[in-house]
Amino acid sequence: MDSEKKIYKYKKVLSNPSRLEVVLKEIRTLVDMALTSPLQDESIHQAPLEIVSRLLSENTNLTTQEHENIIVAIAPLLENNHPPPDLCEFFCKHCRERPRSMVVIEVFTPVVQRILKHNMDFGKCPRLRLFTQEYILALNELNAGMEVVKKFIHSMHGPTGQCPHPRVLPNLVAVCLAAIYSCYEEFINSRDNSPSLKEIRNGCQQPCDRKPNLPLRLLHTSPDLVSQEATLTESRLKSVIVTSNEIHVEVERNNTANQKMTANVGNDSEPNLIDCLMVSPTCSTMSIELSPQADRVLGCYVEILKMLSNYDDWRPALASLLQPIPFPKEALAHEKFTKELKYVIQRFAEDPRQEVHSCLLSVRAGKDGWFQLYSPGGVACDDDGELFASMVHILMGSCYKTKKFLLSLAENKLGPCMLLALRGNQTMVEILCLMLEYNIIDNKDTQLQIISTLESTDVGKKMYEQLCDRQRELKELQRKGGPTRLTLPSKSTDADLARLLSSGSFGNLENLSLAFTNVTSACAEHLIKLPSLRQLNLWSTQFGDAGLRLLSEHLTMLQVLNLCETPVTDAGLLALSSMKSLCSLNMNSTKLSADTYEDLKAKLPNLKEVDVRYTEAW
């Protein structure tokens, strides 16, 4: 009660300030009272900040030096308390007007550090985000510029390989997304009534009816949702319409484009983001001119995203946050932005961890991702396919060496794959060989064209010869004959299995036991060549998720599968739902979850015997 009386007294005194010296003295006394109060009540600390905030808002004639003196006086309270909204506005103004002030470094730095470490939701306190955004821009205005920002980011991460504060990265990303959004706000706010995508597409077939500046209807993250990027869940998107005199579309009128557009006539569904930018209307250029200030802001915050991508422990979460492409469509149409962001995507493509490079793909079916955006023909692709080849290489080397992934490449990116293979890119040569090996391409002329492409380079010729050898061995392997049951000795390896299967015909092999051997997922490439295989025992091997995905696509007639004591997880076990012939499945002592178990039971109608002991589903 005594503290409340004192606060009321100071509020009354400071509401009618006379001389600055008196005001500063009263503020210091108020701060000391709040800091020494035995009451552990947040209002005791927030009340002085709110009083000062009101004082500053009501006395706009104070000089800059007087502003700084007041900020220094309340600094002790800011060490453990977020500034209220009005005070944040005042701090933002100070950062903009006096970015080189020592107050920015000495007083604001610990305040911003505390915000980044402890803030849980910028959506509830957007002015904290705005203050953090202006503070970083103030750092960028110093003589050392981005070096100062880089040191600040490093201080937030810490000297060790693992950042001890889990909220720092999501909060930094939220600030970056909001700042980048603000750069294009002028274009976003200039939106006018525009036709729908369907009208745009149909109108593209009648050049005489097209307006000089073609409006586009695309997807972008709303400003209200920018702050919500602090979570690892997918961003909610909404459709908006844009028309701007600064965004120009030049349409290439060629036969291919006309065929694509004609195919879409009568289709009521609106295309997704990347599809609209890539194929209809066919866009050759979209030039966006930012103001000098917006250009500086964009450069600063894209550079921060680059910095964040350089930290190994932050990269998985960063990739997940950026996977839904949470940027306005104007940014994706801006060549400078996509060119600078390419570094971040390249970092994802170079990371061997599946949780990182898998985020290059779309967040869900029916949506395009960074892989499509930076592929040849994509609006962000500014090279001859080098990044595309890098992305395909890392995805193929992980768990995406599947028919589904190869089929999507054959349907959408066969041309770029063949061009890169023609130039000797080894990854693309391997892709074309796999398409032939897995019978992805049905058209005979296309098959012959792929073969011609492979034979035009030394590396392609060599791989194609190896493919032909494998095909001959496969025919011999699948020729009727040989044992119906086979058990490999314990400690056998992938190489031992490959050597054995290359020694004769195994067209009759129905039961194969690899129990207690040292085989891994790599042996799946040999197992899928056994046409009569019905029972497979992998008990106590190192066979993992990648192998299961491959088996699920090729051995659809498998009836009995033993995965006891293998390192498989839900990610691989879910793929078994396509093996409708399974009637016996042993998942004892695996990382099976209860949800995945229920899902498998629902999708495998013939499953009669199941062992889930020593799992979460037990």
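Modeller: Gladly! Lysine 491 sits in the loop between E3 and H27. Please keep in mind that this is a predicted model.

Colleague: What can you say about the phi of lysine 491?

Modeller: Phi of lysine 491 is near 75°, which is a positive value in a residue other than glycine. Tyrosine 614 is not a glycine either, and has a positive phi of about 60°. Tyrosine 614 is found in the segment after strand E8 (609-611).

Colleague: Is tyrosine 614 buried or exposed, and how do you know?

Modeller: The cut-off for exposed is over 50%. Tyrosine 614 has 55% relative accessibility, so tyrosine 614 counts as exposed.

Colleague: And what about serine 492: where is it?

Modeller: Serine 492 lies in the loop between strand E3 (485-487) and H27.

Colleague: What makes serine 492 buried or exposed?

Modeller: Buried means under 20% relative accessible area. Serine 492 has 7%, so serine 492 is buried.

Colleague: Which residues are in contact with serine 492, neighbours within four places in sequence aside?

Modeller: Those are Thr517, Asn518 and Val519. They count as being in contact because heavy atoms lie within 4.5 Å.

Colleague: How much of the chain is buried?

Modeller: Of the 618 residues in the chain, 52% are buried. The chain's secondary structure comes to 31 helices and eight strands. Take contacts between residues at least 6 apart in sequence: 71% of them join residues at least 24 apart.

Colleague: How do you know whether alanine 174 is buried or exposed?

Modeller: Alanine 174 is in helix H9. The cut-off for buried is under 20%, and alanine 174 has 0% relative accessibility, so alanine 174 counts as buried. Alanine 174 and arginine 129 are 45 residues apart in sequence, with 8.0 Å between them in space, C-alpha to C-alpha.

Colleague: What makes a space a cavity, and which residues line the second largest cavity?

Modeller: A space is called a cavity because a 1.4 Å probe fits there but cannot get out. The second largest cavity is lined by Thr64, His67, Phe90, Lys93, His94, Glu97 and Arg98. Helix H4 (64-78) and helix H5 (85-97) are the elements that give two or more residues to this lining. H5 provides the largest share, four residues. The lining has one nonpolar, three polar and three charged residues.

Colleague: Is glutamate 97 buried or exposed?

Modeller: Glutamate 97 is in helix H5. Exposed means over 50%, and glutamate 97 has 54% relative accessibility, so glutamate 97 counts as exposed. The C-alpha atoms of glutamate 97 and threonine 64 are separated by 9.2 Å, while the two residues are 33 residues apart along the chain.

Colleague: Finally, what lines the second largest pocket?

Modeller: The second largest pocket, with about 730 Å³ of space, is lined by 26 residues. Glu437, Arg470, Leu474, Glu525 and Lys529 lie nearest its centre. H26 gives the most to this lining, nine residues. By class, the lining divides into nine nonpolar, eight polar and nine charged residues.

Methods: Residues are numbered from 1 along each chain as its sequence is written. This is a predicted model: local features need pLDDT of at least 70, side-chain atom pairs count only at pLDDT 80 or more; totals for chains, interfaces and linings use all residues. Side-chain values use heavy atoms; hydrogens and water are left out. On a 1 Å grid over the protein atoms alone, a cavity is a set of points where a 1.4 Å probe fits but cannot get out, and a pocket is an open set with protein on both sides within 12 Å along at least five of seven lines; lining residues have an atom within 4 Å of a point. Grid points are joined across faces, edges and corners, and a volume is the space filled by probe spheres set on the points. Ala, Val, Leu, Ile, Met, Phe, Trp, Tyr, Cys and Pro count as nonpolar, Asp, Glu, Lys and Arg as charged, and the others, Gly among them, as polar. Buried means under 20% relative accessible area, exposed over 50%, partly exposed in between (1.4 Å probe, protein chains only).
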